[in-house]
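These are my notes from a reading of the structure shown below.

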Amino acid sequence: MSFNELHKACEEKLSKEVDEICEQFVVDSDKLAQMTEHFIDQMEKGLQPLPADVSEATDRGLPMIPSFVTGLPNGSERGVLLAADLGGTNFRICSVSLFGDHTFKLEQLKSKIPDELLEDENVSSKDLFSYMARRTLAFIKKHHPDAMEKGASAPVMKMGFTFSYPVNQTSLNSGTLIRWTKGFKIADTVGKDVVQLYQDELDAEGLPFVKVVALTNDTVGTLLSHSYVSESGSSLCSGEISEPVIGCIFGTGTNGCYMEEINNISKLSPDIREKLIAEGKTHMIINTEWGSFDNDMKVLPTTKYDIDVDQKYSTNPGFHLFEKRVSGMYMGEILRNILVDLHCRGLLFNHYKSYNELPHRLRTPFELGSEVLSHIEIDDSNDLRETELSLLQSLRLPTTSLERVEIRKIVRAISRRSAYLSAVPIASIIKKTKSLHKRYHGEVEVGCDGSVIEFYPGFRSMIRHALALSPIGSEGERKVHLKIAKDGSGVGAALCALVA
Ligand code: BGC
């Protein structure tokens with residue numbers, strides 16, 4: 001065989017293998033229907049109390065965490081409140097002024113979470129929460145110097161705390177961490193009340209007048225801030241809810257929440273339910289923690305790359321398996337695993353003779369961010385030069401033009417599966433709550449936040465395609481409005497603190 005023939009044969013083999021990989025990432029309408037049915041079942045299970053004889057094998061369903069938030073804002077709320085927001089990448093302190101006319105002003109101090117807090121094995125809860133308290137101190141000194149001067153005698157400043165990890169919420173201002181997600185692994189925080197941990201450190205930093213009065217999840221914040229900002233929020237004031245509005249995050253992690261009838265939340269103790277109903281409350285926001293959907297892997301599409309990402313590289317193997325197929329933190333890691341595998345099979349980057357010769361960054365877990373995929377996704381430059389540059393910059397990885405064509409195919413398969421899976425919880429909540437048949441037009445607003453839904457090219461349209469293929473069908477899909485709700489974690493936490 002001549003050199004040219006050999007070269008051609010290699011190209012064809014690569015293309016064929018890549019097509020086979022991409023095929024494993026396809027989610028069709030049957031799969032969407034199967035997943036939607038299972039998702040609804042898991043929501044219903046998660047609303048039930050755990051049986052007394054619970055064991056490892058018990059199907060507990062989705063976490064379905066009661067938020068203790070029983071109404072949505074209507075835009076008329078006013079006040080100046082503090083908000084703290086611990087996400088997967090950043091920690092923010094905000095001062096939020098709500099003007100009572102659907103508008104707000106937000107001043108913030110945003111800091112990238114130091115790598116050692118995420119990576120160092122010896123980090124303790126105290127290290128994390130005292131870091132947060134020190135950032136809070138820096139913010140208060142700058143934005144509220146009058147309070148600093150008064151010290152302990154300063155008037156109380158109410159703070160809402162957005163903590164975007166699964167907690168067992170016991171009241172509006174307390175909750176214990178169930179487990180970390182998105183890279184944190186500080187073992188001694190699990191099982192502790194995160195509000196108490198933060199308040200203790202605020203007190204220790206000389207900020208006793210900053211009172212953490214509400215604990216919330218970023219999805220709950222997104223739903224609240226969406227209702228505050230949205231003009232249609234006016235008709236959704238507490239007690240008059242006639243349709244669920246979903247709040248969701250598609251960013252580093254993924255999750256969603258919605259309004260559930262208190263009568264259906266049988267895991268709440270009868271005392272609490274009766275008390276709320278006596279107060280005229282009918283609904284409560286449930287934080288589904290859908291990142292945990294199908295940890296038993298009954299219906300989730302699974303490739304060997306998903307298994308490797310979960311088992312070999314993630315900090316929480318066996319958990320949040322839906323998130324690991326959907327969210328921004330994992331899209332790049334799936335691609336990295338596929339590229340390394342293709343190299344090891346002699347199909348890609350053949351100028352590197354062995355795995356150890358590959359650029360260090362390509363061998364480093366989680367080094368490939370979803371923003372690189374977003375450049376590749378829509379690269380229509382000559383010879384895919386954008387892709388070439390992006391891979392050189394991010395991974396120091398040189399590529400041939402043919403390799404780039406194949407890499408773009410893989411990127412599109414990963415993002416499409418992510419978006420199609422994202423449609424499943426949305427379709428399921430809409431179906432479970434029968435919201436398409438409520439209110440006069442059955443329109444459903446979904447407040448969304450997160451880097452993937454906001455910035456990943458085509459992500460929202462792909463969710464829409466999948467919604468049309470899902471059991472809600474194209475007629476249902478037309479009534480779903482996916483709206484970007486900015487700053488949910490800040491404004492939402494402030495709104496929670498206001499009612500606390
Ligand atoms: C967490 C959720 C959070 C979501 C989005 C997930 O990893 O478990 O609590 O809402 O990320 O930030």
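Is C10 buried, partly exposed or exposed? I worked from a predicted model. C10 counts as partly exposed, because its relative accessibility is 43%.

**Entry on cysteines.** I then turned to C496, which counts as buried at 1% relative accessibility. Its sulfur has its closest cysteine sulfur in C257, 10.0 Å away, so this pair is also too far apart for a bond. With a cut-off of 2.5 Å between sulfur atoms, I recorded zero disulfides.

**Entry on helix 12.** I asked how many of the eight residues of helix 12 are buried. The helix spans residues 370-377 and is mostly covered, with six residues buried. I listed these as S370, V372, L373, S374, I376 and E377. Their cover includes helix 11 (328-344), helix 13 (385-395), helix 14 (401-432) and helix 16 (459-469).

**Entry on helices 7 and 18.** I looked up how helix 7 (residues 218-229) packs with helix 18 (residues 488-499): the angle is about 80° and the axes lie 7 Å apart. The two helices are therefore roughly perpendicular to each other. On the helix 7 side I noted D218, G221, T222, L224, S225 and Y228, which meet G488, S489, V491, G492, L495 and C496 of helix 18. I sorted the residues of this contact into five nonpolar, six polar and one charged.

Technical notes
Residues numbered from 1 in each chain as written. Predicted model: local features only at pLDDT ≥ 70, side-chain atom pairs only at ≥ 80, totals over all residues. Heavy atoms only, no water. Buried < 20%, exposed > 50% of the residue type's maximum accessible area, 1.4 Å probe, protein only. Helix = DSSP H or I, 4+ residues; strand = E, 2+ residues; numbered from the N terminus. Contact = heavy atoms within 4.5 Å. Axes fitted to C-alpha atoms, helices over the stretch in contact; angles between N-to-C directions. Parallel < 35°, antiparallel > 145°, perpendicular 65-115°, else oblique. Nonpolar A, V, L, I, M, F, W, Y, C, P; charged D, E, K, R; others polar.
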